[in-house]
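Please find below my notes on the model.

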Amino acid sequence: MKFFIDTADLDEIKEANDLGVLDGVTTNPSLCAKIGVKDFEAHIAKICKIVDGDVSAEVVSTTYEEMIEEGRQIAAIADNVVVKVPLIKDGIKAINTFSEEGIKTNCTLCFSPTQALIAAKAGATYISPFLGRLDDISTDGMQLIRDIVQIYDNYGYETEVLAASIRHPMHLLECAKEGADVATMPLNVIKSLLKHPLTDSGLERFLKDWEDLQESFK
Ligand code: E4P
């Protein structure tokens, strides 16, 4: 399973990358706005240099022609950039064109299995089902992941299931059990994967016993 970090914050990306388990980054316009990104292309270029893996950068156009122009510009930023495209009619058309041009895409804002099926048929590199946002409206986000994994397996689609809008470690656990190819998570969720109180108390005990042993030799 690949781990992506869901942020545009360079310090957070560096911290996750330093752990040695980071496979990529996803950004979106809201995440860029959150940290006040002024020069979008320069900022994405910096992220692409930090991480040895795919970096999703989203178009803000909504018509086919504009998405193609904007997406080509984004694709030229770095070899590891992925053009993130919303799952709308013109977006699907654009993904098809990008696929023919060899430009990697991340089809975003997916909330149904049939949307995911169309994205795969268009040749998306990644599909991003938004797990947490479905849970937020009392809908089973995990069922969406299960359905997409099954549909893609049934037909052998190569589009990778990139579970997005992950809010806590149980989301990640369930996605891993269901076979999602990638999970994109905020830094706090990545760090929370490490935590267990018995690890902390166990280590404290080991270190104390070792210290007592050294003392006994004095
Ligand atoms: C995915 O690519 C999105 O950037 C992200 O996961 C959305 O998460 P949110 O629902 O927490 O905003």
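**Notes on the ligand site and a loop threonine**

1. The ligand takes up the space of the largest pocket. A pocket here is an open set of points on a 1 Å grid over the protein atoms alone, where a 1.4 Å probe fits, with protein on both sides within 12 Å along at least five of seven lines; a molecule sits in a pocket if more than half of its atoms lie within 2 Å of its grid points.

2. This is a predicted model, in which local features need pLDDT of at least 70 and side-chain atom pairs count only at pLDDT 80 or more, while totals for chains, interfaces and linings use all residues. Residues are numbered from 1 along each chain as its sequence is written, and side-chain values use heavy atoms, without hydrogens and water.

3. Around the ligand (a heavy atom within 4 Å) are Asp6, Thr26, Asn28, Lys84, Phe130, Arg133, Ala164, Ser165 and Arg167. Asp6 places a polar side-chain atom 2.7 Å from a ligand oxygen atom. For Asn28 the corresponding distance to a ligand oxygen atom is 2.7 Å, and for Ser165 it is 2.7 Å. The ligand taken alone exposes 340 Å², of which the protein buries 85% (Shrake-Rupley method, 1.4 Å probe).

4. Thr159 lies in the loop between helix 8 (141-155) and strand 7 (160-163); helices (H or I, at least four residues) and strands (E, at least two) are DSSP runs, numbered from the N terminus. Thr159 counts as buried because its relative accessibility is 5%, the limit being under 20% with a 1.4 Å probe and protein chains only.

5. The Thr159 side chain reaches the backbone oxygen of Ala124 at 2.7 Å.

Technical notes:
Buried means under 20% relative accessible area, exposed over 50%, partly exposed in between (1.4 Å probe, protein chains only). A polar contact is a pair of N or O atoms within 3.5 Å; within protein, one must be able to donate a hydrogen and the other to accept it, and residues adjacent in sequence count only if both atoms are side-chain atoms. On a 1 Å grid over the protein atoms alone, a cavity is a set of points where a 1.4 Å probe fits but cannot get out, and a pocket is an open set with protein on both sides within 12 Å along at least five of seven lines; lining residues have an atom within 4 Å of a point.
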